[in-house]
Amino acid sequence: MESTQPKDLVQALHSAGIDPLDRSIVEEIVARGPECLPLLLDVLNSEVDDAVIARALALIGEIGDAAALPSLFQFFAGEEEDDAVTECAEWAGRRISHRFPAETLSTMTDLAGDADMPLLSDICKTLAAMPRVPGRAETLLSIAKRLESLEDEYDEALLAVTLVITAMFIDGPRGELVATVRNKVEPHLDSQSHKDIKSVEEELLNDPHDPDQAEEIDVYTLVCEGFEEEPTGPYVREEPKVGRNDPCWCGSGKKFKKCHGQ
C-alpha cells in the first residue's frame with residue numbers, strides 16, 4: 001500500500017460502491033491525510049453516489065481540518081433528513097470540533113459573520129455538541145449579534161430560539177449563559193419560541209446533555225462497513241437549504257417560509 005497514489009486510494013471509495021471497504025485503505029487515507037484531503041473535498045463537489053459522499057465526509061472528519069467545516073455543513077440534516085450522508089457529515093463536524101476546538105471556534109465565528117439562517121443553524125448545532133472548552137460562550141454571543149442584520153422576522157425568531165437552545169446545551173438548561181442569551185434575544189422571541197424553549201428545557205432537565213461524552217462510532221465503522229441499499233444516483237438533498245423568502249423547492253409558487261418551511 002505504501003506505493004499507492006492518493007488518487008488511487010480515493011478511487012477505491014468509488015470502486016467499493018455499497019460494498020464493504022478494506023480497512024487498510026482507510027488507514028492509508030488517514031495516514032496520508034494532507035495528500036488525500038483535497039481529493040476528498042473534490043468528491044463532495046462531484047456528481048457521485050451517496051455511498052461515496054458519505055465515506056468521503058467521514059474521512060474528512062477523521063483527517064481533521066477546521067477549514068473543511070464549510071464543506072461539511074452543506075450536508076448537515078435539514079428537516080426530517082436521516083441517511084448515511086447526513087450521519088457522516090454531522091459525525092465529521094463533531095469529530096473535528098472535538099479534536100481541534102480552538103480552530104473550530106475561530107472558523108465558526110468567521111463563517112457566522114455573513115452566514116444565512118440555515119448555515120447559522122448548522123454552526124449552532126456543531127457548537128452545542130462541542131466539549132467543554134474555553135470560548136464556546138463567547139462564540140455563541142458573537143453569533144447573537146447577527147440578530148440585528150437579519151431582514152426576515154421569522155429568521156430572527158428562529159435564530160433567537162436556536163441561540164437559547166444552544167446555550168442550554170453548552171451550560172445546562174438553567175445556566176448563567178442561558179439567562180444572558182435570553183436577555184439579549186427576548187425581543188425577538190414569539191409565543192411559539194417560548195414553547196419550543198420550554199420543551200427543550202424539560203427534555204434536558206430529564207436527560208442532561210454531556211458534551212464530553214465520547215463518540216460512540218469510529219471512522220472504520222462508518223467507512224468500512226457496507227451500505228444496505230443501492231444508491232439511486234448522485235447525492236441530491238431532498239429539502240434544499242433555501243432562504244425563507246425564496247420560492248419553495250416543491251414548485252408550489254409560494255415562498256419557502258409559507259410552504260414547506262413551516
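Two helix-helix contacts and one aromatic pair are described here for a predicted model.

Helix H4 spans residues 50-63 and helix H6 spans residues 84-99. Their axes lie 7 Å apart and form an angle of about 5°. Since angles under 35 degrees count as roughly parallel, H4 is therefore roughly parallel to H6. On the H4 side, the contact is made by Asp50, Ile53, Ala54, Leu57, Ala58, Ile60, Gly61, Glu62 and Ile63. H6 contributes Ala84, Val85, Cys88, Ala89, Trp91, Ala92, Arg95, Ile96 and Arg99. Classed by residue type, the contact of H4 with H6 comprises 13 nonpolar, four charged and one polar residues.

A second contact involves helix H8 (residues 117-129) and helix H9 (residues 136-144). The axes of H8 and H9 come within 11 Å, with a crossing angle of roughly 165°. As angles over 145 degrees count as roughly antiparallel, H8 and H9 are therefore roughly antiparallel to each other. The crossing of H8 past H9 is left-handed. Leu120, Ile123, Cys124 and Leu127 of H8 meet Arg136, Thr139, Leu140 and Ile143 of H9 in this contact. The residues of the contact of H8 with H9 comprise six nonpolar, one polar and one charged.

One aromatic pair is present in the structure. In this pair, the ring centres of Phe73 and Phe76 are 5.1 Å apart and the ring planes stand at 85°, so the arrangement is edge-to-face. Phe73 and Phe76 are both buried.

Definitions and conventions:
Residues numbered from 1 in each chain as written. Predicted model: local features only at pLDDT ≥ 70, side-chain atom pairs only at ≥ 80, totals over all residues. Heavy atoms only, no water. Axes fitted to C-alpha atoms, helices over the stretch in contact; angles between N-to-C directions. Helix = DSSP H or I, 4+ residues; strand = E, 2+ residues; numbered from the N terminus. Parallel < 35°, antiparallel > 145°, perpendicular 65-115°, else oblique. Left-handed = near helix turned anticlockwise from the far one by under 90°. Contact = heavy atoms within 4.5 Å. Nonpolar A, V, L, I, M, F, W, Y, C, P; charged D, E, K, R; others polar. Phe/Tyr/Trp six-rings, centres within 6.5 Å; stacked < 30°, edge-to-face > 60°. Buried < 20%, exposed > 50% of the residue type's maximum accessible area, 1.4 Å probe, protein only.
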